[in-house]
Every structure is written in structure tokens, then in C-alpha cells.
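Below is a short note on the model that we discussed, arranged as numbered points. Please read it beside the structure.

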Amino acid sequence: KGVFGIYTAKENGKEILRVEAAGYIELTIAFATLIFSGISIVGNLVFKLHYHRKINLEYLSWGIFLGASWNIINSQAVQAMFHNSQIVTDIAFFLMIFLPLPFLFYIDKVQMERYHKFYRIADVLGVVECVVLFGLHYFYLHDYADIFLPAIFFLFLFIALIACTFMSDIFHGHIREYFAVAIGMVCLWIAVFLRIIFYIQKNKVENNAVLPVGLTIMLLLAAGNTIHDLVNMEKKRQQALMASEAKSKFLANMSHEIRTPINAVLGMNAMILRECKDMAIREYALDIQNAGESLLALINDILDLSKIESGKLELFPEEYDFSSLLHDVINMISMKAKDKNLAVHLSVDENLPSRFWGDDVRIRQILVNIMNNAVKYTEKGSVTLTVTGKVTKDDLSISDGISDKNAQAKDAVCSLTFQVK
């Protein structure tokens with residue numbers, strides 16, 4: 001009677017040694033499968049923490065881990081080691097009835113949740129099965145032999161569900177997306193069927209290694225499929241980055257190419273404004289100036305959008321005159337408001353400082369966009385920009401702070417509120 005052997009009364013020592021060796025082989029394969037699944041779980045966790053996304057293989061890894069654990073606990077070696085303890089038997093039974101759930105989650109994710117409703121129903125049935133059967137077993141309402149057949153029935157029911165989804169995907173051509181996983185699942189089914197047959201027939205211990213082998217094949221094929229998907233995903237990501245970079249370069253080059261003639265037009269127009277005394281011509285020149293500046297603002301918005309998409313938008317804080325910024329904003333939208341017979345009003349808190357530290361270009365862009373939308377969607381009446389704020393103390397220091405005669409402390413933060421009505 002040895003820890004790794006089948007109990008026998010035969011006097012032939014060779015037979016005893018052969019069975020003990022088979023027990024070693026069974027546990028070795030089962031422990032190897034357990035280690036592989038553990039490595040897969042840790043790898044999935046590292047991937048999730050590093051890339052902030054979950055991969056489907058995590059569900060399968062837990063399923064393989066539970067399957068290998070069940071095979072080890074249910075082995076004759078462990079049973080003999082713990083003297084057929086009831087706790088060990090309960091743990092093995094719970095693992096057996098809980099085992100299908102991780103595989104249902106995994107296949108559902110691999111199939112892109114095309115059959116999500118059916119799998120959710122199966123998950124609910126699986127949870128109910130676990131609670132009911134384990135309760136019947138734990139409270140000694142039925143013994144293990146009576147509960148074994150219902151557990152096998154639900155197992156075959158879940159296998160039939162997955163098989164039906166495989167057939168549907170074969171018919172619709174989706175099976176190509178996870179062909180290796182499907183092959184691995186079929187191998188696992190064969191191993192499960194053989195394990196059940198050997199268990200019913202009470203066959204020799206070496207046949208207990210069939211299930212760990214099937215689990216290992218399933219894990220290896222699924223891992224290969226996952227690696228293939230991740231490689232394709234990385235290729236697509238690189239292609240998308242290259243396309244985005246090419247677009248950003250194109251937009252940047254075009255923006256600079258368009259700026260050159262517009263700046264030339266604005267420069268000539270500035271000469272007209274400086275030298276011409278005719279009020280009508282000056283009014284036309286002012287219109288040209290406003291239109292040119294608006295066009296430059298649009299080009300800058302396009303360039304900034306490309307920078308935002310590539311993650312290269314930078315802020316350049318500097319000291320600026322707040323009243324001048326508001327004056328520019330109002331002037332830039334006045335023409336559009338005038339065309340729609342809208343009045344433009346500006347209300348500014350008198351207690352605000354006259355100079356600030358920040359990126360006035362970005363603030364101006366934001367205000368212009370808000371005001372343009374307000375003018376665009378206002379049919380009649382007026383558009384009012386109200387600016388209020390308060391000076392608060394904060395741990396953050398804003399460079400040189402405010403540099404006029406009403407300057408606040410260096411670590412003062414002025415919280416501004418812009419409201420458009």
C-alpha cells in the first residue's frame with residue numbers, strides 16, 4: 001500500500017512497481033498542467049496591469065487550473081495521503097461541478113459574444129447546479145453516487161451548447177477566427193469522455209493522466225491563438241499609428257503651405273489699412289483682415305487637432321493681457337453676429353486682475369469656438385459672455401504669478417468661469 005500506487009495483494013513485485021510508476025506519471029502530468037495554467041494566469045495579470053486591458057485567455061487559464069487541481073485532488077495518491085478525508089472529497093466534488101463555468105466564459109469571449117444570451121443562461125444554470133448539488137452533497141441529503149449523474153448531465157448539456165455554437169460558426173464562416181481553440185476544445189472533450197468512461201469502469205490509475213493531457217493541449221492551442229491575435233492587434237495598432245502620423249504630417253505641411261499666402265494677403269492688407277484714408281476701402285480691408293484671421297484660426301484648429309490625435313499638443317504658458325484676449329475674441333465673432341443681426345455683450349468681473357499667466361492661444365481658441373457655437377445656434381436676440389473669477393490659494397505655483405500693480409502672491413491661483421448665454 002503505497003502513496004503513489006494502487007492497492008493490490010499480488011505478490012509480484014514488478015506489478016506493484018509498474019503501478020506506482022504510473023501514479024508518478026499521472027501526478028507529474030497533472031502538476032505540470034497546474035504549473036502551466038498558473039504561469040498563464042500570472043502572465044495574463046501582468047499583461048492586464050501593463051496594458052490596462054484583459055485578454056480572453058485568463059478565463060481559460062482559471063478553467064485549466066481548476067481542472068488540474070481536481071485531477072490532483074481526486075487522484076488515488078492524494079486520497080491515500082489524506083486517508084480519504086471527507087474534506088478532500090468535498091473539494092474535489094465542488095471543483096468538478098464548478099469546472100465548466102470558466103470555459104463557458106472563455107468560449108463566449110472568443111466567439112465575440114455572438115451567442116452571449118445563451119451563454120448567460122448556461123452560466124446561471126451552472127451556478128444553480130453548483131449550489132444545489134453541493135448543498136445536497138454537503139448536508140448528506142444524497143450521496144456522491146446519486147449526484148454524479150446530474151453533474152454529468154449538466155456537463156454534457158454545456159458541451160452540447162458549445163458544440164452547437166461551433167456548428168453555427170462553421171456554417172457562417174466565423175470558425176476561422178478561433179480554429180485552434182476549437183481543435184483544442186474537441187481534444188479536451190475527448191479527454192473528458194475518456195476520463196468519465198475510465199472512472200465508471202474503475203480503470204487503472206495511468207488512465208487518469210488523460211484529462212491533464214487534454215487540458216494541456218487545450219491551453220497550448222489557446223495560448224497560440226491568443227499570441228496570434230495579439231501579434232495581429234499590434235500590427236494593426238502600428239499601422240494605425242503610421243496612418244495617423246502620416247495624416248498629421250500631411251495636415252502640418254498643408255497648414256504651413258496655406259499659411260504662407262494668407263500671411264502675404266494679410267500683410268498687403270495691413271499696408272492698405274496703414275496708408276489708405278478712404279473709409280470705404282478701409283472697411284473692406286478690415287473685412288479682409290477679419291476673414292483672413294478667421295481662416296488662420298481654422299488652419300490652426302486643424303493643426304491642433306492633428307497634434308491632439310498624435311498626443312503632441314503642448315501648452316506654452318506666458319504672461320498675457322486678459323482684456324486684450326477678450327477684446328480679440330469679441331472682435332472675431334462680431335462679424336458673424338452682425339450678419340445674423342445679433343448683439344454681442346461682454347460682462348467681466350471688475351475685481352479680476354488685468355494680467356494672467358497661461359497659454360492665451362489655447363484659451364482664445366476655446367472661447368472663440370464657444371462663442372461661434374453660441375452665434376451659430378442663436379436665431380435672434382444677443383449673445384453674452386460673462387467672465388467671473390476668484391483668487392484661491394493652492395499648492396500649485398503659477399510661474400511668476402501676476403505682474404501688474406494689483407498682482408497677487410506667486411502661489412495664487414485665479415479660478416475663472418466663462419459663461420455664454
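1. How many nonpolar, polar and charged residues does the lining of the largest cavity have, by class? The lining has 24 nonpolar, no polar and 2 charged residues, where Ala, Val, Leu, Ile, Met, Phe, Trp, Tyr, Cys and Pro count as nonpolar, Asp, Glu, Lys and Arg as charged, and the others, Gly among them, as polar.

2. The model is predicted, so that local features need pLDDT of at least 70 and side-chain atom pairs count only at pLDDT 80 or more, while totals for chains, interfaces and linings use all residues. Residues are numbered from 1 along each chain as its sequence is written, and side-chain values use heavy atoms, with hydrogens and water left out.

3. The largest cavity holds about 460 Å³ of space, and Met96, Leu99, Pro100, Leu155 and Val192 lie nearest its centre among the 26 lining residues. Helix 7 (144–172) is one of the helices that each supply at least two lining residues, and its 9 residues make up the largest share. On a 1 Å grid over the protein atoms alone, a cavity is a set of points where a 1.4 Å probe fits but cannot get out, a pocket is an open set with protein on both sides within 12 Å along at least five of seven lines, and lining residues have an atom within 4 Å of a point. A volume is the space filled by probe spheres set on the points, which are joined across faces, edges and corners. Helices are DSSP runs (H or I, at least four residues), numbered from the N terminus.

4. The largest pocket has a volume of about 790 Å³. Of its 32 lining residues, Glu293, Ser294, Ala297, Met332 and Val368 are the closest to its centre. By class, this lining has 9 nonpolar, 10 polar and 13 charged residues, and helix 10 gives the most to it, with 13 residues.

5. Aspartate 169 and arginine 114 form a salt bridge (a side-chain nitrogen of Lys or Arg within 4 Å of a carboxyl oxygen of Asp or Glu), with the closest N and O atoms 3.1 Å apart. The pair links distant parts of the chain, helix 7 and the loop between helix 5 and helix 6, 55 residues apart. Aspartate 169 is buried because its relative accessible area is 0%, whereas arginine 114, at 30%, is partly exposed; buried means under 20%, exposed over 50% and partly exposed in between (1.4 Å probe, protein chains only).

6. Arginine 364 and aspartate 328 also meet in a salt bridge, at 3.5 Å from N to O. This pair joins helix 12 to helix 11, 36 residues apart. Arginine 364 counts as buried because its relative accessibility is 19%.
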